[in-house]
Amino acid sequence: MPYVVGTAAGTLPWAGLYAVCGAYGRKLLDGGEALDQVFDDLSGLIEGDVEIASEVAAAGVAVAGLAWGVRTLATRGNQATEDP
């Protein structure tokens, strides 16, 4: 069950992104835009969102690493004070 929850949590943001891009592309095509222009606009939209997602992921990894480091140091400090 944790695998299913993790997979769903990981794919839902990307599914939402591509749904928004599909709706935006359809709107452009219905408005009479050329297909190559639609693809150019969508690639710009996706690149911006992927860049933001990668920055958020990097920040998350940094925070997790910092939390792990602080916890490790605190655990070592507690063990050192408990040993006679």
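What share of the 84 residues in the protein chain is buried? Some notes on that and the rest follow.

1. Buried residues account for 7% of the chain's 84 residues, where buried means under 20% relative accessible area, exposed over 50%, and partly exposed in between (1.4 Å probe, protein chains only). Bear in mind that this is a predicted model, with local features needing pLDDT of at least 70 and side-chain atom pairs counting only at pLDDT 80 or more, while totals for chains, interfaces and linings use all residues. Numbering runs from 1 along each chain as its sequence is written, and side-chain values use heavy atoms, with hydrogens and water left out.

2. On secondary structure, the protein chain has two helices and zero strands (DSSP runs, H or I of at least four residues for helices and E of at least two for strands, numbered from the N terminus).

3. Now the overall dimensions. The C-alpha trace spans about 80 × 30 × 10 Å along its principal axes.

4. The largest nonpolar core has five residues: Leu17, Cys21, Leu28, Val38 and Leu42. Helix 1 (2-30) and helix 2 (35-82) each give two or more residues to this core, and helix 1 supplies the largest share, three residues. A core here is a set of buried Ala, Val, Leu, Ile, Met, Phe, Trp, Tyr and Cys residues joined through side-chain atoms within 4.5 Å.

5. Leu28 deserves a look in the viewer. Leaving aside residues up to four places away in sequence, Leu28 touches Glu33, Val38 and Asp41 (contact means heavy atoms within 4.5 Å).

6. Gly22 sits in helix 1. Why is Gly22 classed as partly exposed? Because its relative accessibility is 42%. Gly22 and Leu42 are 20 residues apart in sequence, with a C-alpha to C-alpha distance of 8.7 Å.
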